[in-house]
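Have the sequence and the coordinates open, and we will take the features one at a time.

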Amino acid sequence: MWHAVLFALFALTAGTLVYVYQRQREMIDALRRAREKIQLEETRVFDFLHGLGAALTASSEPADLHVLIVEGALRILDGHGGALYLADRDGATLRLAFATRNCPPFFDVPEKIIREPNFSWPAYLRLHTVAPEDGVLGSVWTEREPLLLRGEDNRLASLRVGLLKTKSAMLSPLFYGEESLGVLAIARGGHGSEDFTSGDFQIFKAIAEQSAFALYTAIIFSEAAEKKRLDQDLQVAHEIQRILLPSNSPDIEGFQISGINIPARQVSGDYYDYIRIDERHWGLAIADVSGKGVPASLIMAMCRSVLRSEAGGQLSPSVALRQVNAQLFPDIKEDMFISMAYAILERESGTITLCRAGHDAPLLYTARDQSVAKINPPGMALGIDSGGVFNRVTGDFSLTLESNDCLVLYTDGVTEALDTEGEEFGMANVIKAIQASASEGAAGIITRLTDDLRAFVGNYPQHDDITLIVIRKK
């Protein structure tokens, strides 16, 4: 009897040990599978992060990054369909950047649209813009909170109408700082698929965070590349404009002539030119287009071309400018105009015939008494009027330079130059510089004026183009 009891105890102990051993083996196998799953997820995450880093180069296409984000999230989390929506420029709506072919609609789609004969899910998702109030996608974007949908959540009902028949979904807004970039969304569906877990949701939120960083960095790269292209284009425009300006002063017997243009930006809206009319006459023009930068420089180039075409053989500055105004007026925007002073110098007599089309009044320096006076005949700027008023108020004015007299033409970038305190250089400083340097000739006056301007302005950025022409009778 004792033998039987001992045998039974032995058998029970052996069975218990076998059961414990099997349970431990099962636990070890489960832990090994869990570890392998974690290692696989880690490998996929690291591959995803490496792919994001490789995609962030100046030469990468944004579309490649969009595909990488969606497909990477699906691969890591075993999703079946997903999409990346990005905010438009004004931040009012979302537009699809990329979606997999079986991506569910993360917003409500009217039944009548789905039943249309030529309805296509990929085409509809691609063309539809999502407003803040538009379905679960708009809600996540507006509320700025990630969302896990699973089980009996009634918000999944609208996601089941697509090709995927969604059973579970995760959505996350993409933010970098306060910058709203868009929404990343993925889903699981189809027969036998399981819901996303809380662990999946934590990984998804980390993917969304890294994706937002990558998207923002890509935007910075794109903007930097665009700025570089614009800078290159502006540099080309700058070189072309320098070609359009005089390379040297004309050699006119009995006169010294000097000019300069200092643009506030890479291209200038100011303009000056020397035009040989015939053996005895030279035209000298200075102009200032309203505004700055590229638009002003284009109008300046137009003005130069038209004036040169009209100046040949025309000894009346006002007649030439009337013709220029007639040609430019139809092509100038309402908020733009050109102020110009155009003078024709007769070499033998020293007479200068001047037309002032709304430009700053030229300054006449008289060597006899070292006085400086404004030459202020009436006139209207080019491009404001089709000709009825312009032709009536704009006329010629003649003056004769005596020995060592100077005529100074300038744009308002000279008188209105600002110092660090916001004070203007002003007419008084211009006159003072002319009087102090008139004996040094035309080039000397320009040198003194530009030196005084730099000293006055200091470190304050130049806010307007500066252009000068000085005519001096020897």
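Q: Let's start with one side chain. Is Tyr216 buried, partly exposed or exposed?
A: Tyr216 has a relative accessible area of 27%, which makes it partly exposed. The scale runs like this: under 20% relative accessible area is buried, over 50% is exposed, and partly exposed lies in between (1.4 Å probe, protein chains only). Before going on, note that this is a predicted model, in which local features need pLDDT of at least 70 and side-chain atom pairs count only at pLDDT 80 or more, while totals for chains, interfaces and linings use all residues. Residues are numbered from 1 along each chain as its sequence is written, and side-chain values use heavy atoms, with hydrogens and water left out.

Q: Which ring does Tyr216 stack on, and how is the pair described?
A: Rings of Phe, Tyr and Trp (its six-membered ring) pair if their centres lie within 6.5 Å; planes under 30 degrees apart are stacked, over 60 edge-to-face, and the rest tilted. By this rule there are seven aromatic pairs. One of them joins Tyr176 and Phe213, which are tilted at 45 degrees between the planes and 5.9 Å centre to centre. This pair links distant parts of the chain, with Tyr176 in strand S4 (residues 166–176) and Phe213 in helix H6, 37 residues apart. Tyr176 is partly exposed at 35% relative accessibility, and Phe213 is partly exposed at 40%. Tyr176 also pairs with Tyr216, and here the rings are stacked: 4.4 Å centre to centre, with 15 degrees between the planes. That pair again links distant parts of the chain, Tyr176 in strand S4 and Tyr216 in helix H6, 40 residues apart. Elsewhere, ring pairs link Phe107, Phe119, Trp121 and Tyr124 into a cluster.

Q: How does the span of helix H7 compare with the expected value?
A: The expected span is 1.5 Å times one less than the number of residues. Helix H7 (residues 293–311) has 19 residues and reaches 27 Å from first C-alpha to last, close to the 27 Å expected. Its buried residues include Gly293, Ile299, Met300, Cys303 and Leu307. Just after H7, Gly313 takes a positive phi of about 75 degrees.

Q: What is a nonpolar core, and which residues touch the most other members of the largest one?
A: In soluble globular proteins, nonpolar side chains tend to be buried together. A nonpolar core is a set of buried Ala, Val, Leu, Ile, Met, Phe, Trp, Tyr and Cys residues joined through side-chain atoms within 4.5 Å. The largest core here has 28 residues, of which Tyr271, Leu307, Leu321, Ile338, Met340 and Tyr342 touch the most other members. H7 gives the most to this core, with seven residues. Contact means heavy atoms within 4.5 Å; leaving aside neighbours within four places in sequence, the contacts of Met340 include Tyr271, Cys303, Leu307, Leu321 and Cys355.

Q: How many disulfides are there?
A: A disulfide is a pair of cysteine sulfur atoms within 2.5 Å, and by this rule the count is zero. Cys355 is buried at 0% relative accessibility, and Cys406 is buried with a relative accessible area of 0%.

Q: Finally, which strands pair with strand S1?
A: Two strands pair if DSSP finds at least two bridges between them. S1 and strand S5 (residues 179–189) pair in the antiparallel sense over six bridges, with Leu84 opposite Leu184. Five bridges join S1 to strand S2 (residues 94–99), also antiparallel, and Leu96 is the bridge partner of Tyr85. S1 and S2 form a hairpin with six residues between them, and Gly91 in the turn has a positive phi of about 70 degrees. Strand S1 (residues 81–87) is largely enclosed by the rest of the structure, because five of its seven residues are buried.

How values were computed. Helices (H or I, at least four residues) and strands (E, at least two) are DSSP runs, numbered from the N terminus.
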